[in-house]
Amino acid sequence: MDRAPQNAPQNTPPPAPLSGRQLFRLAHRISDTVNGTRIRLAGRWNFAPQTIAYQGYGSSTGWVRVLGRVLLTKKPAPGSAAEHAALNGTQNVRGWRAFTSAPVQHIGVAITIGGVTTRVMADRGGLIDTVVDVKLSPGWHTAILQADGTEPVETLIQVIDANAKFGIVSDIDDTVMVTALPRPFLALWNTFVLSERARMATPGMAVLLDRLTIEHPDAPVIYLSTGPWNAAPTLKRFLSRNMYPSGALLLTDWGLTQDRWFRSGREHKHRNLERLAKEFPDMRWLLIGDNGQHDEEIYSGFAQDHGDKVAAIAIRQLSVSESVFAGGHSEDGDHTTSVVPWIYSTDGAGMAKQLKVLDLL
């Protein structure tokens, strides 16, 4: 009589696939593990925490927006040529170096401005983006940021007069700086390899923005870009070197968020435009962008919702070669029914002529 083998294999159901939420939590754990490994390696390589402060803005109604980040960085040797260049802002930096620093997560940071000290916590990316309630006069003020265990650093905060009625929001990539960013290879080349001194300013744009700030001395300048915060020091030096007006940088960060796999550049711009509309309810903004990404779509949607808060929309048209590098460009839309004036030009000089017709320059 045949008998079944004692150790016959049993049919077991395959493991159930991970749900989207489980995959997302797993991705967060992996990201935290990688960051923890980077922090441990940085400690072995004598990296030290450093507070980086970015320029912010505020209102004379009683608040300021303070921006900064805490990173593990390797400081140049005391007295070295590298330290001298860093202190004077003359270093020739290649983009990839900005991405070698590890963020310090959830560290306490003290912010002092106008005699008021506030303590906040950096987020999981080491970022500080907070509002401090303080009553300050219109103009430029100094804020001091100091994360636990770091040296204090200073940054400027532009406090905007509550009676100011005109402001400027400008994109950066392919608007004030020629980057051909949307094409992946060129984006990587520009971000990680190309020396910042090799980046080209868009013809006439620095002069245009300078003329606008002279015509409207109370107007804030906000540079709103989908670029990463890692590139903020590079962008700041580029804007200063090419004589662009000083203004706050509103950038984003790569990687996971609390509820999304990838950060949305469109959502970043839309959210900050909506925030500016609420923060300065009586301000009318000149929105400057280009037709190589999604600026037309984003600005058009904002103008439809807040037509009374938009003075004009100025779009830089990419050249044929720039359009090829950028992977094409959006078509100039029909804005004849728009309550907001639209202008198009290939450079700052052309925009200036049309803004003069609109009595904005």
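**Helix packing and ring pairs**

Analyst: The protein chain has nine helices and 16 strands, where helices (H or I, at least four residues) and strands (E, at least two) are DSSP runs numbered from the N terminus. This is a predicted model, in which local features need pLDDT of at least 70 and side-chain atom pairs count only at pLDDT 80 or more, while totals for chains, interfaces and linings use all residues. Residues are numbered from 1 along each chain as its sequence is written, and side-chain values use heavy atoms, with hydrogens and water left out.

User: What angle and what axis distance describe the packing of H4 and H9?

Analyst: Two packed helices are described by the angle between their axes and the distance between the axes. Axes are lines fitted to C-alpha atoms, for helices over the stretch in contact, and angles run from 0 to 180 degrees between N-to-C directions. Here helix H4 (residues 205-215) packs against helix H9 (residues 348-357) at about 30 degrees, the axes lying 7 Å apart. H4 is therefore roughly parallel to H9, since angles under 35 degrees count as roughly parallel, over 145 as roughly antiparallel, 65 to 115 as roughly perpendicular and the rest as oblique.

User: Which residues of H4 and H9 meet?

Analyst: With contact meaning heavy atoms within 4.5 Å, Met-205, Leu-208, Arg-211 and Leu-212 of H4 meet Gly-348, Met-351, Ala-352 and Leu-355 of H9. By class, this contact of H4 with H9 has six nonpolar, one polar and one charged residues; Ala, Val, Leu, Ile, Met, Phe, Trp, Tyr, Cys and Pro count as nonpolar, Asp, Glu, Lys and Arg as charged, and the others, Gly among them, as polar.

User: How many aromatic pairs does the count come to?

Analyst: Rings of Phe, Tyr and Trp (its six-membered ring) pair if their centres lie within 6.5 Å, and planes under 30 degrees apart count as stacked, over 60 as edge-to-face and the rest as tilted. By this rule there are seven aromatic pairs. Tyr-54 and Trp-229 have ring centres 4.6 Å apart and planes at 15 degrees, so this pair is stacked. Tyr-54 lies in strand E1 (residues 48-59) and Trp-229 in the loop between strand E12 (221-228) and helix H5 (232-241), so the pair ties together parts 175 residues apart in sequence.

User: Are Tyr-54 and Trp-229 buried or exposed?

Analyst: Buried means under 20% relative accessible area, exposed over 50%, partly exposed in between (1.4 Å probe, protein chains only), and both Tyr-54 and Trp-229 are buried.
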